[in-house]
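Trainee: I would like to learn how to read the sheet and the helices of a model. Could we go through it step by step?

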Amino acid sequence: MPASPSTARAINDRLALRLLQQEGPLTAGQLKQLTGLSRPTVSDLVDRLTVSGLIRVVGESGEQRRGPNARLYGIAADRAHLAALDVRTGGVLVLVSDLVGRVLAELAVPIDAGSGTGPAVEQAVAAVEEAARKAGPDAWAGLHTVGIGAPGLVDPATGDLRDSSGLPAWHRSLVAALQRRLPKARVTVENETNLAALAEQREGAARDRDTFVLLWLGHGVGAAVVLDGRLRRGASGGTGEIGFLPVPGTGSLPSATDCDGGFHALAGAAAIGALAREHGLPAEVPLDGPGAARLVARAVTAGNEPATRFLDTLADRLAIGTAAVTAVLDPGCVVLGGEIGQAGGEPLAARVAARLKRLSPLPTEVRPGTLGGAAVLRGALLTARDRAQDELFAP
């Protein structure tokens, strides 16, 4: 059945807004060409969106053209502000952007694990406020959506960050604290690896894939599963907790509260540091995700025999976990994400792909991630932007 006039207007408005988001400022004539709508229909929607405050004139298309048809219309980016957080064990990374996702301010704040839940939460909230005030005088009060990426399980029914062994208690208190301080904002939390996969799919290594697995390689290990374009979280939000995967070569088994006997014991940052020392390579102590990434990057650059043997053994380990995921999901593509996946680049990805080919009959491409550790923060921003626009661009 044909759409009602109001439904048709809503569809046309959303189409025009999406085009302005993707293409940047456009003239009415360009909107007509890209949408296929008639000139009067485009004129009506431009007037409607201008009156609603969603778009405004931002310039002219050329010095030789004057009049209404030459006006460039763009989304009113200051209509709302967004915040994105990457919550880590030792601190928080924050960025604040406008409605179209243009970054206005960034801040990194370390948080001492021994500072206690209350003070740690207050430090994190203060970091968001400071970044917002750097972004503009009205940004803190005008935060519309806050997207948070954090390690651990997110309950798919409630959206709450669940209690996870080994993670600071302040992580679970942060969402509620931000919501109290920003009662008008929408505050949401998502598993960090899921957000990294979203970013790699939208802007990184998996842009041409609607089915793939992101293997996160940082301080710890994790996986995100995207099937047929949809992120799969599982019944309890635990899809991709690959650190608990029992694998050969660890000397023990993981438990419900400790993943040290699982795949984490082969591919976590500490394990990579120990492996480097076994091969005579210098390694920082203690070793976190960025430290392990620097170690892997040096090995790739060195190209000598110890570095080559180190990379070969690391690829052996990564192939074990990748083969298990491939056997169950058959994703066709695995992205080695996080700081370590990016640092290993194509040399590490090619090694893992060669070993995986011997372990599995299922054809699987292995790619290095392109966004590294920044993928979590980028994914949080993309999620916040999508949710804000879904609400503000609604009829």
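Mentor: Let us begin with contact, which means heavy atoms within 4.5 Å. Helices (H or I, at least four residues) and strands (E, at least two) are DSSP runs, numbered from the N terminus, and axes are lines fitted to C-alpha atoms, for helices over the stretch in contact, with angles from 0 to 180 degrees between N-to-C directions. This is a predicted model, in which local features need pLDDT of at least 70 and side-chain atom pairs count only at pLDDT 80 or more, while totals for chains, interfaces and linings use all residues. Residues are numbered from 1 along each chain as its sequence is written, and side-chain values use heavy atoms, with hydrogens and water left out.

Trainee: Which strands does helix α4 lie across?

Mentor: Helix α4 (residues 117-135) lies across β3, β4, β5 and β6 (143-150), and runs at about 155° to β5.

Trainee: In what order do the strands form the sheet?

Mentor: Strands of a sheet pair through backbone hydrogen bonds, either parallel or antiparallel. Two strands count as paired if DSSP finds at least two bridges between them. Here five strands form an open sheet with mixed pairing, in the order β5-β4-β3-β6-β7. Its edge strands, each pairing on one side only, are β5 and β7 (186-191), and the twist from one strand to the next averages 15°.

Trainee: How many residues of β4 are buried?

Mentor: Buried means under 20% relative accessible area, exposed over 50%, and partly exposed in between (1.4 Å probe, protein chains only). In strand β4 (residues 91-98), seven of the eight residues are buried.

Trainee: At what angle do α10 and α11 cross?

Mentor: The axes of helix α10 (residues 305-329) and helix α11 (residues 338-359) come within 8 Å and cross at roughly 50°. That makes α10 oblique to α11, because angles under 35 degrees count as roughly parallel, over 145 as roughly antiparallel, 65 to 115 as roughly perpendicular and the rest as oblique.
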